[in-house]
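Look over the sequence and the model first, then read on.

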Amino acid sequence: PGPVLEAPAIAHALADASSWRNVRVFVSSTFRDMHGERDILSRFVFPELRERAKVRQLSVYEVDLRWGITESESQGGRALEICLGEVRAAHPFFVGLLGERYGWVPDACVRRALADKQPELRWLHDQSAAGRSVTELEMQLGALGDVAAARGRAFFYERAGDRFMPTVPAECLEWFTAEGAHSAARMVDLKARVRASGLGLQRYEASFLGVVDGLPLAGGLHGFADMVIRDVWSALVDHFASRASVTELVSRRGQAGGVGAGAGVGDEKGPLVSPAELRDPESHAMLVHTARHTVLM
């Protein structure tokens, strides 16, 4: 066994703000059809990951650009630049969500101008990038363009559309269906690319939850939440394996009856929200309502 540190040394290590690391995980998907999944990630999954990561002195943040791009930036053609910039800033951690919608395809002039502006994005000039949606370009940059670097750090999830779509009322179908035949074919191709990469494309169950703040949402996402927590936590533990030393010191001190024994701070077991709350549609809707400060319509 290694040397036993006294409590002041442990406290100093924990208090040293410079030893904390910020970790960003980019969440990629179309927006219109994935509000339910993104809400689950921001309301339950990432708070759980943040709590677990405290003992490793990691501050974990999801990058959800639903609210990160202004109308003027979008109209000015900067949306693609911002999205890809955030993917690069979060590298190597990436979560991709796939449903039926393919998403917005940027104009060729926007794509080429960005490739000229940033040499590291010169692949945007390639014919393979032509006609691709922002979502697919995010996935290309975040994972599919360098599978070796993405393995164990980037994860893809596919909503089981054959089981989900029959639960969606007719008046809300347009929110979740492909934009057209061409987009549907592009999405089939994208899912095939992800599967062929060897990174895996995990299917998850979902059912229609309701309309919250004017947004139709998928629900029944407890299995999805469990998958993302398991995968991202495993990636963090592996990537930052050497940062377990402070945790071990505190645990050793706690087992000896020292300060903090039994406190359970950053416990790696058990979610902050019970699985029952995620499974029950009424509880799920109420929790989303609380997060959005809105009314279930």
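## Contacts and overall make-up

Of the contacts in the protein chain with a separation of 6 or more, 79% join residues 24 or more positions apart. The model is predicted. It has 14 helices and seven strands in the protein chain. The chain has 297 residues, and 47% of them are buried.

Confidence comes next. The average pLDDT of the protein chain is 83, and 72% of the residues score at least 70. Residues 258-271 have a pLDDT below 50; beyond near neighbours in sequence, this stretch has 13 contacts in the model. Over residues 289-297 the pLDDT also stays under 50. The model has 23 contacts beyond four places in sequence for residues 289-297. Where pLDDT is low, the predicted coordinates should not be read in detail.

| Helix | Residues | Number of residues | First to last C-alpha | Expected at 1.5 Å a residue |
|---|---|---|---|---|
| H11 | 222-239 | 18 residues | 26 Å | 26 Å |

Which residues of H4 are buried? They are Ala79, Leu80, Glu81, Ile82, Cys83, Leu84, Val87 and Ala90. In H11, the buried residues are Phe224, Ala225, Met227, Val228, Ile229, Asp231, Val232, Trp233, Ala235 and Leu236.

Arg230 also lies in H11. Arg230 counts as partly exposed because its relative accessibility is 46%. In sequence, Arg230 and Val45 are 185 residues apart. In space, their C-alpha atoms are 9.8 Å apart.

## A buried glutamate

Glu136 sits in helix H6, which covers residues 134-144. Is Glu136 buried or exposed? Its relative accessibility is 1%, so Glu136 counts as buried. Setting aside neighbours within four places in sequence, Glu136 is in contact with Tyr102, Asp189, Leu190 and Arg193.

## Backbone details in the loops

Most residues other than glycine have a negative phi, and most peptide bonds are trans.

The peptide bond from His91 to Pro92 is cis, with omega near 10 degrees. Pro92 is in the loop between H4 and strand S3 (94-98).

Gln57 is not a glycine, yet it has a positive phi of about 55 degrees. Gln57 is in the loop between helix H2 (35-53) and strand S2 (58-63). With 4% relative accessibility, Gln57 counts as buried.

Asp213 is not a glycine either, and its phi is positive, at about 55 degrees. The loop that holds Asp213 runs between strand S6 (207-212) and strand S7 (215-219). Asp213 has 46% relative accessibility, so it counts as partly exposed.

## The cavity

Rolling a probe the size of a water molecule over the atoms shows where empty space is left. How many cavities of 30 Å³ or more does a search of the whole structure find? The search finds one. About 30 Å³ of space lies in the largest cavity.

Its lining is made up of Phe26, Val27, Ser29, Phe31, Arg38, Leu65 and Glu138. By class, the lining has four nonpolar residues, one polar residue and two charged residues.

Technical notes:
Residues numbered from 1 in each chain as written. Predicted model: local features only at pLDDT ≥ 70, side-chain atom pairs only at ≥ 80, totals over all residues. Heavy atoms only, no water. 1 Å grid on protein atoms, 1.4 Å probe; cavity = no way out; pocket = protein on both sides within 12 Å on 5 of 7 lines; lining within 4 Å. Points joined across faces, edges and corners; volume = space filled by probe spheres on them. Nonpolar A, V, L, I, M, F, W, Y, C, P; charged D, E, K, R; others polar. Helix = DSSP H or I, 4+ residues; strand = E, 2+ residues; numbered from the N terminus. Expected span 1.5 Å × (residues − 1). Buried < 20%, exposed > 50% of the residue type's maximum accessible area, 1.4 Å probe, protein only. pLDDT = per-residue confidence, 0-100. Contact = heavy atoms within 4.5 Å.
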